[in-house]
Amino acid sequence: MDTLTANYQAGIFYDELISQEGNARAPAKQLLKYLDSLPTEELEKRRIAAEATVQEMGVSFTVYTEEGNIDRAWPFDIIPRTIDAKDWEVTAAGLKQRLTALNRFIDDLYHDQNCIKDGIIPEHIIKHSKNFRPECVGVSPAYGVWAHICGTDLVRDEEGKFFVLEDNLRVPSGVSYMLENRAITKRVLPELFENDDILPVGSYTSDLFDTLAALSPRDTEQPEIVVLTPGIYNSAYFEHAFLAQQMGVELVEGSDLFVDSDDCVYMKTIYGPERVDVIYRRIDDLFIDPEVFHKDSVLGVPGLMRAWQAGNVALANAPGAGVADDKVVYAYVPDLIRYYLDEEPILANVKTYLCDDEKDREYVLANLDKLVVKPANESGGYGMLVGPHSTKKDQQLFAQLIKDNPRNYIAQPTLKLSTSPTLIGKGSLEPRHLDLRPFILQSKTTHVTTGGLTRVAMKKGSLVVNSSQGGGSKDTWIVETKGD
Amino acid sequence: MLSRVAERLYWSARYLERVENTARLVSVYDDLLFDLPPNVAISWYNLIEINSGVEAFNQRYKIRDEHNVVKFLLSDDTNSSSLLSSLKMVRENIRTSRDVMPGETWELINELDMYARENIKRGINRSDRHAYLNTIVEGCQKIIGLFAATMDRDAGWSFLILGRYLERADMNTRIIDAANTLMLQSRAEEAIELGQVVWSKVLKSQSAYLSFRRTMRTSISGARAVTFLLTDPNFPRSQQYCIGEIKNAASALPRAGIVLVTADNLLNKTQGIEHSSMLNEDFSEYLNQVQLDIISLHHQITENWFNFKQGDAA
């Protein structure tokens with residue numbers, strides 16, 4: 001039959017919705033049946049409606065740059081990606097387990113360093129980590145939790161098994177797009193939400209609020225929580241404004257806050273200075289306090305570290321938490337889970353070669369054309385070598401970089417990222433590669449988002465999903481399937 | 001409300017008012033110079049003095065002619081109070097407080113800013129000047145109207161009112177002062193002829209001419225024009241009215257104490273004059289004192305609601 005999905009060719013990778021034999025996977029059945037029932041014109045109408053909604057939502061939140069562009073520029077695909085709720089339950093448990101171990105690890109690093117003494121992780125790896133902050137040694141944040149908001153990137157291999165690609169423990173972004181994508185999809189495909197058991201995602205902002213409120217150093221009914229943004233020129237400003245608005249808290253810039261001689265943080269309001277209990281900071285560690293870190297930073301608040309060290313204000317995420325999202329540390333996470341929790345890791349790592357290790361380095365240097373080489377401390381997909389897509393010259397350059405600074409590089413096999421049907425042109429679905437970024441919240445309790453943000457590489461064959469490099473996004477559905 | 005947000009609202013309103021006042025002032029002066037008898041010594045340069053721009057002007061220009069004065073007032077970016085500089089400041093302040101303003105504000109200010117920049121030559125050359133300045137005034141009024149029709153009357157609104165009426169009161173006294181000085185400098189034999197023209201233009205510059213006619217029901221004299229512009233309770237640009245609005249807006253805000261006291265003092269001082277002979281050096285001194293009071297009112301608003309230092313909290 002000549003339908004939208006019958007014409008779809010899944011290709012050699014794992015496809016999220018349709019098996020290689022052309023059958024709908026269980027959580028996608030309702031969705032695909034519905035899509036096939038829509039005339040091409042109708043589908044096109046929905047796509048246009050989605051575009052208009054993106055514009056509209058963008059306009060209500062975003063800031064125009066000098067050139068008049070809005071920053072919500074990346075494309076949205078209306079075909080959702082579905083995941084079976086039973087699979088998700090296991091994955092979510094794995095994410096909780098992972099963040100729990102990571103927080104235990106960070107807390108250990110800034111106190112007794114038992115993991116080093118017990119030989120779980122070599123000392124020089126920590127000593128040379130760009131994100132280890134001596135200023136944090138001996139500080140004890142509430143519940144021993146340092147990374148309160150974590151965005152973990154997951155990928156599926158050709159078997160459909162989830163792997164962790166990286167943990168983002170500094171200032172992970174994207175959650176507002178997860179929420180917005182759901183809102184758009186509800187508007188343009190409303191019929192599906194009536195019949196299908198799609199689990200809601202809307203509780204994120206109230207979970208975030210509860211997570212932050214639990215960190216308040218003062219025992220008060222209404223702790224003062226703020227979102228600290230670098231300001232309107234930051235590319236994630238839209239998200240900062242959105243989260244502050246949804247939580248009903250103030251969106252502040254560094255200059256709105258000051259630390260007084262009592263080492264408490266105050267916000268400048270027309271009612272006078274008001275004490276701040278919890279700061280959800282969306283500014284990188286090195287910019288939060290010019291007294292301690294970058295002296296010339298005007299984004300931060302002088303004295304903030306002092307106030308935090310004294311326990312008078314909670315910072316989420318805590319400074320220094322980034323030590324655990326180093327890509328070299330990543331390789332040790334399975335061992336850290338075993339060590340701290342005495343449990344087997346539920347979620348596996350992608351095979352990782354540490355250039356610091358002699359045997360691994362030799363292998364990497366001999367296979368640069370097959371591997372993906374990443375610097376240990378960059379994010380956003382910068383400074384990478386994608387072996388199969390690289391020139392001899394690129395490879396020579398990276399060989400030299402690795403030899404000069406082996407500690408700073410890791411390598412992984414080129415991933416066979418899963419694909420999902422994506423609307424390309426009018427009435428035609430094509431497979432595009434994607435990943436998934438769930439968000440995990442941890443303080444007194446732990447929450448995992450239902451699904452997360454699915455990012456899609458909109459270019460045919462491309463494996464790069466980053467929004468800065470031509471990626472798009474789509475809604476992610478965790479679907480309850482009925483026993484079949 | 002964050003102090004920063006309040007301060008941006010306050011300055012948005014002040015600069016918006018400044019844009020409108022500058023456009024009105026240049027427009028009226030244009031008109032005034034056409035009507036003056038040819039033997040009267042009055043020049044465009046008076047406008048520079050009204051706006052406290054003497055130093056900045058002289059650094060930049062040698063010749064005090066119409067072209068340079070108008071250019072300085074409308075387009076000069078070394079003059080932080082020029083029409084285009086003020087518009088830029090309105091835009092910057094609105095850009096960073098869009099979440100507390102009506103959504104359309106941003107579009108309107110962009111439209112106005114673009115028009116003002118693209119057509120600035122029409123403002124500087126005399127032939128199209130009137131139409132250009134009129135469009136600017138209309139653009140300002142569109143934004144003020146949008147605020148009036150759609151904004152909540154909360155703290156944000158109070159800061160807009162504070163900014164608008166403080167700027168307006170400031171300009172009001174400057175214009176009266178300038179006219180007074182002009183009259184004091186004029187030769188006795190031309191004073192009567194000049195007075196008629198000057199004081200009616202002063203009223204027109206404040207859109208007060210018709211209101212004066214309706215309210216006072218008498219001929220225009222210096223004493224009456226000044227009394228009207230200072231004490232009329234209903235005319236929305238009079239000193240009395242502006243300070244009253246400042247007082248009302250402040251009293252809706254927390255911790256308004258000191259600002260209310262200063263506003264009350266200013267209100268008590270506001271009085272008309274009996275006879276045109278009282279338009280003398282003493283009166284000039286009185287206006288000068290009012291100006292200083294307005295400046296200290298601004299500092300009190302800033303200190304009270306926007307600025308905090310270490311030691312204020314602990």
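Me: What makes β6, β7 and β8 of chain A an open sheet, and in which order do the strands lie?

Reply: In this predicted model, the three strands lie in the order β6-β7-β8 with antiparallel pairing. The sheet is open because β6 (257–259) and β8 (272–275) of chain A stand at its edges, each with a single partner strand, so that one side of each is left without a neighbour. Neighbouring strands are turned by 40° against each other on average, direction ignored.

Me: How do you know that β6(A) and β7 (residues 265–269) of chain A are paired?

Reply: Pairing requires at least two bridges between two strands, and β6(A) and β7(A) have 3 bridges in the antiparallel sense, so the pair meets the requirement. In one of these, A:Val259 has A:Val265 of β7(A) as its bridge partner.

Me: Which residues does A:Ile106 touch, once its neighbours within four places in sequence are left aside?

Reply: A:Ile106 is in contact with A:Trp146, A:Ala147, A:Ala321, A:Val323 and A:Ala324.

Me: Why is A:Val333 called buried?

Reply: A residue is buried if 20 or more other C-beta atoms lie within 10 Å of its own, and A:Val333 has 22 such neighbours, so it counts as buried. A:Val333 belongs to helix α12 (residues 333–341) of chain A, and, not counting residues up to four places away in sequence, A:Val333 touches A:Arg98, A:Leu102 and A:Asn349.

Me: What puts the buried residues of α12(A) on the same side of the helix?

Reply: The buried residues are A:Val333, A:Leu336, A:Ile337 and A:Tyr340, and because they cover an arc of only 105° around the axis, they fall on the same side of α12(A).

Me: Why are A:Gln113 and B:Ser207 called partly exposed?

Reply: Partly exposed lies between the limits of 12 or fewer neighbours for exposed and 20 or more for buried. A:Gln113 has 14 C-beta neighbours inside 10 Å and therefore counts as partly exposed, while B:Ser207, with 14 other C-beta atoms within 10 Å, is partly exposed as well. A:Gln113 is found in the loop between α3 and α4 of chain A, and B:Ser207 in the loop between α10 (188–205) and α11 (209–216) of chain B.

Me: What is the phi of A:Gln113, and what is that of B:Ser207?

Reply: A:Gln113 has a positive phi near 55° although it is a residue other than glycine, and B:Ser207, also not a glycine, has a positive phi of about 50°.

Me: How do you know whether the peptide bond from A:Ala316 to A:Asn317 is cis or trans?

Reply: Its omega is near -5°, and the bond is cis. A:Asn317 is placed in the loop between β10 (314–316) and α11 of chain A.

Technical notes. Residues numbered from 1 in each chain as written. Chains lettered and ligands numbered in written order. Predicted model: local features only at pLDDT ≥ 70, side-chain atom pairs only at ≥ 80, totals over all residues. Helix = DSSP H or I, 4+ residues; strand = E, 2+ residues; numbered from the N terminus. Axes fitted to C-alpha atoms, helices over the stretch in contact; angles between N-to-C directions. Contact = placed C-beta atoms within 7 Å. Arc of directions from axis to C-beta.
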